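My entries follow in the order in which I made them.

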Amino acid sequence: MVLPEGNTRTTAVFFIKYLRALGFNVTNDIFAKNAWYFRNSLVRANYNDLKNGIYETTEYLELFLRNLLLNENHPLQNRTLHISTTFKAGEKPYIDATKPDIDALKADIKNAFRSKTASHILKLREAFSGQAIFGRSDVMKVIDIKASRASDLLKEMVEHGIIEPVNGHGKGKYRFR
């Protein structure tokens with residue numbers, strides 16, 4: 001099977017040449033077998049629609065490359081790359097109308113952390129509600145702490161499952177679960 005002519009094929013050919021120059025034994029088989037997935041993963045790695053909360057992500061391209069270079073076997077299904085929400089002109093995107101039970105969250109946080117740490121977490125939860133993405137510098141600004149303390153707080157929050165790392169937005173980006 002041969003990739004169709006065009007930008008995706010050109011990208012694949014140059015990518016194969018580059019990987020071979022780095023010493024990888026790469027053929028175009030995986031590119032040919034997964035041409036649409038490869039093309040769409042390149043698009044998703046560069047596509048933003050900030051108004052509608054859609055951000056570029058390299059996660060799909062990374063799966064493709066892990067299969068190619070590390071002989072892993074991740075399913076490469078085109079439907080996983082689709083942005084399923086469609087918007088009509090002037091329509092606001094649907095955001096889950098259910099709000100988290102903040103009182104239950106406060107109780108859990110207060111029981112699991114020292115009072116000052118719990119207070120910091122609740123301030124951050126308020127500042128970054130919904131699916132807002134934030135990093136260490138954002139934490140430093142919101143609760144006025146130094147970089148090392150902000151890093152420690154983020155690490156502790158990840159360990160307790162309060163926040164989760166986000167791919168495709170640079171290193172050290174998180175959102176509340």
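In which helix is Arg-44 found? I located Arg-44 in helix α3, which covers residues 35-44; helices here are DSSP runs of H or I with at least four residues, strands are runs of E with at least two, and both are numbered from the N terminus.

Before going further I noted that this is a predicted model, in which local features need pLDDT of at least 70 and side-chain atom pairs count only at pLDDT 80 or more, while totals for chains, interfaces and linings use all residues. Residues are numbered from 1 along each chain as its sequence is written, and side-chain values use heavy atoms, with hydrogens and water left out.

**Entry on Arg-44.** I found that Arg-44 is buried yet has no salt bridge, and that the nearest side chain of opposite charge, Glu-59, is 5.9 Å away. Buried means under 20% relative accessible area, exposed means over 50%, and partly exposed lies in between, with a 1.4 Å probe and protein chains only. A salt bridge needs a side-chain nitrogen of Lys or Arg within 4 Å of a carboxyl oxygen of Asp or Glu; for charge, Lys and Arg count as positive and Asp and Glu as negative, whereas His and the chain ends are not counted. Leaving out residues up to four places away in sequence, I listed the residues that Arg-44 touches as Tyr-55, Glu-56, Thr-57, Tyr-60, Leu-81, His-82 and Ile-83, contact meaning heavy atoms within 4.5 Å.

**Entry on the whole chain.** I counted eight helices and three strands, in the sequence pattern α-α-α-α-α-α-β-α-α-β-β. Of the 177 residues, 29% count as buried, and among contacts between residues at least 6 apart in sequence, 48% join residues at least 24 apart.

**Entry on α1 and α3.** I looked up how helix α1 (residues 7-21) packs with α3, and the angle is about 90° with the axes 10 Å apart. Axes are lines fitted to C-alpha atoms, for helices over the stretch in contact, and angles run from 0 to 180 degrees between N-to-C directions. The two helices, α1 and α3, are therefore roughly perpendicular to each other; angles of 65 to 115 degrees count as such, those under 35 as roughly parallel, those over 145 as roughly antiparallel and the rest as oblique. Thr-8, Thr-11 and Ala-12 of α1 meet Ala-35, Phe-38, Arg-39 and Leu-42 of α3.

**Entry on α7 and α8.** I then turned to helix α7 (residues 136-143) and helix α8 (residues 147-159), which pack at about 110° with their axes 9 Å apart. On the α7 side the contact is made by Arg-136, Val-139, Met-140 and Ile-143, and on the α8 side by Ala-147, Ala-150, Ser-151, Leu-153 and Leu-154. In the loop between α7 and α8 I found Asp-144, which has a positive phi of about 55° although it is not a glycine and which counts as exposed at 68% relative accessibility.

**Entry on further residues.** I placed Phe-31 in helix α2 (residues 29-33) and noted that Phe-31 is buried, with a relative accessible area of 0%. I also placed Asn-67 in helix α4, where Asn-67 counts as buried at 10% relative accessibility.
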